[in-house]
Amino acid sequence: MMKKSLLVIFAVVMAIGAMAQVEQIVGDWATVDDKTGNQYAIVHIYQAGNGLYYGKIAKMLVGPKNLTCTTCEGEDRNQPMEGLVIIRGMKNVNGELKEGKVLDPESGKFYYGKIYLDKGKLVLRGSLDKRGILGRNQTWVKP
């Protein structure tokens, strides 16, 4: 009986920790250009009514204000960059956002996505495969 109680307490503590980490992910993040280190957009990450997490470009920090996603396909084609949803359908899985898609507005392509925190910075991994083996990371910072 004591082992079951400890197991339940451990599970509750882990769940609370995972929720707290995701709460730190929610909010505004500045995307950082891998090559120059310059910030180029503010992305707002939020939880939708369906319980999934999304992220949209709240503000472009470079380029013209009327910039559109010319490389995007379908309903996203030629949509303004500001307001474009680039993180879609992520689930909270043990304090990380996973099992969703990430749109790269430069290429117009979707990738499997994973988001987690590392030393106060947000790490977004976009990959060709669900396991995240074939892909790359981007590190975002608080604006």
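What does the secondary structure of the protein chain come to? It comes to one helix and eight strands, and keep in mind that this is a predicted model. Along the sequence, the pattern reads α-β-β-β-β-β-β-β-β. The chain has 143 residues, and buried ones make up 34% of them.

- The eight strands make an open sheet, in the order β1-β2-β3-β4-β5-β6-β7-β8, and the pairing is antiparallel.
- At the edges sit β1 and β8, each of which pairs on one side only.
- From one strand to the next, the twist averages 30 degrees.
- As background, strands of a sheet pair through backbone hydrogen bonds, and they can do so in a parallel or an antiparallel way.

**Around β4**

- β4 covers residues 85–93, and five bridges join it to β5, with the two strands running antiparallel.
- β4 and β5 form a hairpin, with two residues between them. Look at Asn94 in that turn, where phi is positive at about 55 degrees.
- β4 also pairs with β3, in the antiparallel sense, over three bridges. For a landmark, Tyr53 stands opposite Met90 in β4.

**Two glycines to compare**

- Where does Gly74 lie? You'll find Gly74 in the loop between β3 and β4.
- Gly74 counts as exposed because its relative accessible area is 64%, and the cut-off for exposed is over 50%.
- Gly74 and Gly108 are 34 residues apart along the chain, and their C-alpha atoms are separated by 9.9 Å.
- Gly100, on the other hand, lies in strand β5. Is Gly100 buried or exposed? Gly100 is buried, since its relative accessible area is 6% and buried means under 20%.

**The disulfide**

- How many disulfides are there? The count comes to one, and the pair that forms it is Cys69 and Cys72.
- Their sulfur atoms are 1.8 Å apart.
- The link of Cys69 and Cys72 is right-handed, with 70 degrees about the S-S bond.
- Both cysteines are tucked away: Cys69 is buried, and so is Cys72.

**The largest pocket**

- The largest pocket has a volume of about 700 Å³.
- Its lining takes in 28 residues, and those nearest the centre are Tyr40, Asp104, Glu106, Arg136 and Gln138.
- The elements that give two or more residues to this lining are β1 (27–32), β2 (39–47), β3 (53–60), β5 (96–104), β7 (121–127) and β8 (135–140).
- Which element gives the most to the lining of the largest pocket? That is β2, with four residues.
- By class, the lining of the largest pocket divides into 16 nonpolar, six polar and six charged residues.

**The second largest pocket**

- The second largest pocket has a volume of about 210 Å³.
- Its lining includes Lys98, Glu99 and Gly100, together with Tyr112, Gly113 and Lys114. Arg125, Ser127, Asp129, Lys130, Arg131 and Gly132 belong to the lining as well.
- β5, β6 (109–118) and β7 each supply at least two residues of this lining.
- The lining of the second largest pocket has seven charged, four polar and one nonpolar residue.
- Gly100 turns up again here, as one of the lining residues, and it is the buried glycine from above.

How values were computed:
Residues numbered from 1 in each chain as written. Predicted model: local features only at pLDDT ≥ 70, side-chain atom pairs only at ≥ 80, totals over all residues. Heavy atoms only, no water. 1 Å grid on protein atoms, 1.4 Å probe; cavity = no way out; pocket = protein on both sides within 12 Å on 5 of 7 lines; lining within 4 Å. Points joined across faces, edges and corners; volume = space filled by probe spheres on them. Nonpolar A, V, L, I, M, F, W, Y, C, P; charged D, E, K, R; others polar. Disulfide = S-S within 2.5 Å. Buried < 20%, exposed > 50% of the residue type's maximum accessible area, 1.4 Å probe, protein only. Pairing = 2+ DSSP bridges. Axes fitted to C-alpha atoms, helices over the stretch in contact; angles between N-to-C directions.
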